[in-house]
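Let's take a friendly walk through the aromatic residues and a helix of this model. Have the structure open as you read.

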Amino acid sequence: MPEPEPFEPLESYGEEGRAIASTGAGGASDLATAEAETLEKMPEGPDGTGPDKKPRSLWSDAWRDLRRNPIFIISGLVILFLVIISIWPQLIASGDPLDCDLSKAQEGSQPGHPFGFNGQGCDVYTRTVYGARTSVTVGVLATLGVAILGSILGGLAGFFGGAWDGFLSRITDVFFAIPVVLGGLVLLSVVTSSTVWPVIGFMVLLGWPQLSRIARGSVITAKQNDYVQAARALGASNSRMMLRHIAPNAVAPVIVVATIALGTYISLEATLSYLGVGLKPPTVSWGIDISSASQYIRNAPHMLLWPAGALAITVLAFIMLGDAVRDALDPKLR
């Protein structure tokens, strides 16, 4: 038979043992109390949670997931680079995009001119760098306008419902029936301004219904939650419920759709400029350069490849960023 293990006094277990010895039958309760105190003093876990830590919010969880997502990091770095050269293009391009020399028209790469020259003898590299400013400006401003207008109208329709909701739904149906490119050809063909504002206004005019539908659905879902009903029962005003309780919990889908749409608006601006109804010379735009280079694609393909490549990389970066944000903010994808 195995020998019994030697008996160890309770005092050898420290304070817990002495507590059990001193209280008799109540020792188990004292031991449970001691274990609870030990758990409270335990360090945080690897994910930053612990007994004395508050639960993570949706935004903190999303930021943690985004930092670990290589797609978000790569697309974020590309977009950061595009923003920097949009603000300070002279950092990497010292020339003037409107300085042209017809004697060098359609020539290929040369020292100091790595992308060659276009049909008017302008440096393709300089125009490609400066074209980022126009495309990013149009995309960002159009997205902000669409997000603000669509969120306000859709949020009000989802919160109040009734006749306002029905009226807005019919208006959005009308705008959804208008083809975007055809609408741009009709509306922008009568505009003679060479600035970006007519194009931005057109995108906001035809883009807000999509964000409005998203915002309406998010608000309808959020206002059915218990905390909103509790705030309503406590006498909270409509403005307080919208700003403090509903908007922070309904804005995530709007952010996701707006991020993806930003790349779409950049490509739409290039499409309209290519068709001759968007931005017009002397504005420097990738769409204008692609349009002017399309007739020389056989003899001088470099004129088309560089601005088209820059446009494709920019649109892809914003779409990848939107996909990463969607994966981080959608609880169903966790």
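Tryptophan 164 and phenylalanine 167 both sit in helix α6 (residues 162–176), three residues apart, about one turn of the helix. Helices here are DSSP runs of H or I with at least four residues (strands are E runs of at least two), numbered from the N terminus. Please keep in mind that this is a predicted model, in which local features need pLDDT of at least 70, side-chain atom pairs count only at pLDDT 80 or more, and totals for chains, interfaces and linings use all residues. Residues are numbered from 1 along each chain as its sequence is written, and side-chain values use heavy atoms, with hydrogens and water left out.

**Aromatic pairs**

Searching the whole structure turns up six aromatic pairs. Rings of Phe, Tyr and Trp (its six-membered ring) pair if their centres lie within 6.5 Å; planes under 30 degrees apart are stacked, over 60 edge-to-face, and the rest tilted. Two of the pairs are set out here.

| Pair | Centre to centre | Angle between planes | Type |
|---|---|---|---|
| Phenylalanine 115 and tryptophan 306 | 3.8 Å | 5 degrees | stacked |
| Tryptophan 164 and phenylalanine 167 | 6.3 Å | 35 degrees | tilted |

Phenylalanine 115 counts as buried because its relative accessibility is 16%, while tryptophan 306 is partly exposed at 38%.

**Helix α4**

The 18 residues of α4 should span 26 Å at 1.5 Å a residue, and its end C-alpha atoms are 26 Å apart, which agrees. That expected span is 1.5 Å times one less than the number of residues. At the start of α4, a side-chain oxygen of asparagine 69 comes to within 3.0 Å of the backbone nitrogen of isoleucine 71.

Which residues of α4 are buried? They are Phe72, Ser75, Ile79, Leu82, Ile85 and Ser86. Beyond the helix, isoleucine 92 lies in the loop between α4 and α5, where isoleucine 92 is partly exposed, with a relative accessible area of 35%.

Notes:
Buried means under 20% relative accessible area, exposed over 50%, partly exposed in between (1.4 Å probe, protein chains only). A polar contact is a pair of N or O atoms within 3.5 Å; within protein, one must be able to donate a hydrogen and the other to accept it, and residues adjacent in sequence count only if both atoms are side-chain atoms.
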